[in-house]
Amino acid sequence: MTSDNEYEVHANVPQSYSYRLMELTPELLKVIEEKKEPLVLKAPTSKSEVVLCTSSETFALRQRNHSNTVMMTKEGERDGKKFFCSYATLSNVFEVRKSKGHIITEGIPLYDGQNKITNTGESVTLDELKTRSAISDLEFESNWFALNGSSLNGQAIILTDDIITRTLHVMIMSIMASSLDFSELSLIEVFQSMGEDPDITIDIVETVLRKFVTNDREPYQLNKAKVVQWYGIETLRRHCRTKPIELSDFFIKWKSELPPFFESSLDIPLLRGNYAMPLPERIQYVSKLELPSDIQNRLKVLFKLQSSWNLTELAPFIEEFNHKNVKIENFVMKFAKKKKQGKKIIITQR
Amino acid sequence: MPVKEVVYSSAHESLKQPQVITTSLGNMILEIQGELILPVEKPEVGFIDDESKYSKLLSAEQWAVKFGRLELSGKKATLFIGTSQRLLGDVKTLDPPLALLKFPSEPETDEPVEVVDVIKHKIIFTGRPLPIM
């Protein structure tokens, strides 16, 4: 029996081990179809995950083994007979999922101005850091500024909160003094308006500016809410670290921390994830970094500070544990009690 | 391998043509549930029962062994292995599609990783082998 749809099946001996299969997300398929941007594989350290980066997105690869015989074959024809010949046998597939990317900041020196560097590790340039971080180029930029990353004499540094506050203060006052438009800022204009302070380099100004704007291209638009939020957290840190203070008192202190004549509304919700209210109308600073790093102990500490929480105020402290992106009110039920009061959801200890 | 460029011209060109079962480069995945034991290399002359099973198909250096026959009829496929077994299978659409990657044989070289092709279909044989009388 021979027909048009009959093939001999062969296999190369030995099979090649150079080939692997990888699942394609719609985004990656589009990149290959359009061929407009580069693809790069990054494996920053032997322990970290391997990622595939487009210019703007990061995908984590995970090897899934299987026990089937999966053969990559090639169609051909010889002596009038059609054949498939297998050239590689593949015992696994790379699964691909969208990842936020990760910048490895361990070991990067902290910079506090006045050439004060807390050197915690070997120095790296920004390019070296970009290379060793499992993240796409575009995501690197925005994440780097969010992490307070900057550079000094070509080396990657992380700015301390203090130097950010100092720079932000001078920057806002200079923008106002030079009558620059808060919604149309350019880095060079902002830098020039700030006068000559040897401590504040253009790289530091860029980091601070980019941290507090809404967009990632010039002209930048200042995000006033972010500025007010930063000062609010600073106020909490300075005045409410050890004991709660009255809200009315807190608002006065918050307002006075802001640069003079800087107008924007002060809202407590801006500070969610940074405070507790142990008593009604009293606010106390809570540093997420100082809380336990597992959810059960973290909640224990939080309930000790404040026996019942409004879910919207508690959520920022526990979101990072919700890996499966369950609706937060369902997620919290695994660890605490929930009751509804009108539209509010109140969370208490079990 | 801290950073490796990935080139994909070949896959890009392949995607321009419509795919039926094979890609426009002639690639196809054949999947068998279970293990298929193939010789590791061509046995030396004298240790071989059937010399005619071996030939050079895809390149002038590489020996290949003939192990079966495939019949395609629409979405149905039958694979005859050797002279005694028969497997029934189907043509399946892959979701998500798969990229065929080729890694350089020496990992420490500057050679890029290549996306050779994008595969959207496979022929999979899920059943137990059926004896041929």
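The legends below describe close-up views of a predicted model in which chain A meets chain B.

**View 1. The interface of chain A and chain B as a whole.** In this predicted model, 50 residues of chain A are in contact with 58 residues of chain B. The area buried between chain A and chain B is about 5100 Å², and carbon and sulfur atoms give 65% of that area. On the side of chain A, the residues that lose the most area to chain B are A:V9, A:V13 and A:L41, which together account for 13% of what that side buries.

**View 2. Polar contacts and salt bridges across the interface, and the elements of chain A that touch chain B.** Between chain A and chain B the count is 2 salt bridges, and one of these joins B:K66 to A:E8, with the closest N and O atoms 4.0 Å apart. The rule for polar contacts finds 29 residue pairs across this interface, with both residues of each pair at pLDDT 80 or more. The elements of chain A that give two or more residues to the side touching chain B are β1 (6–16), β2 (19–23), α1 (26–34), β3 (39–42), β5 (58–78) and β6 (81–99). Of these, β5(A) gives the most, with 10 residues. Sorted by class, the side of chain A that touches chain B has 28 nonpolar, 9 polar and 13 charged residues.

**View 3. Strand β3 of chain A alongside strand β1 of chain B.** Strand β3(A) and strand β1 of chain B, the latter made of residues 3–7, pair in the antiparallel sense over 4 bridges. Within this view A:V40 stands opposite B:E5, a residue of β1(B).

**View 4. Strand β2 of chain A with a partner in each chain.** Strand β2(A) is mostly covered, since 4 of its 5 residues are buried. With strand β6 of chain B (residues 85–102), β2(A) pairs in the antiparallel sense over 5 bridges, and here A:R20 stands opposite B:L101 in β6(B). With β6(A), by contrast, β2(A) pairs in the parallel sense over 2 bridges, and A:L21 stands opposite A:V93 in β6(A). As a general point for reading views of strands, the side chains in a regular strand alternate between the two faces of the sheet.

View 5. Leaving aside its neighbours within four places in sequence, B:E31 is in contact with A:N68, A:T69 and A:V70 of chain A, and with B:K122, B:I123, B:I124 and B:F125 of chain B. The side chains of B:E31 and B:K122 are joined by a polar contact of 2.8 Å. For orientation along chain B, the C-alpha atoms of B:E31 and B:Q62, which lie 31 residues apart along the chain, are separated by 22 Å.

**View 6. B:E71 in strand β4 of chain B, with B:R69****.** The place of B:E71 is in strand β4 of chain B, which covers residues 63–73. B:E71 has a relative accessible area of 14% and is therefore buried, the cut-off for that class being under 20%. The side chain of B:E71 makes a polar contact of 2.9 Å with the side chain of B:R69.

How values were computed. Residues numbered from 1 in each chain as written. Chains lettered and ligands numbered in written order. Predicted model: local features only at pLDDT ≥ 70, side-chain atom pairs only at ≥ 80, totals over all residues. Heavy atoms only, no water. Contact = heavy atoms within 4.5 Å. Buried area = accessible area lost by both parts, 1.4 Å probe. Salt bridge = Lys/Arg side-chain N within 4 Å of Asp/Glu carboxyl O. Polar contact = N/O pair within 3.5 Å; in protein donor to acceptor, adjacent residues only side chain to side chain. Nonpolar A, V, L, I, M, F, W, Y, C, P; charged D, E, K, R; others polar. Pairing = 2+ DSSP bridges. Buried < 20%, exposed > 50% of the residue type's maximum accessible area, 1.4 Å probe, protein only.
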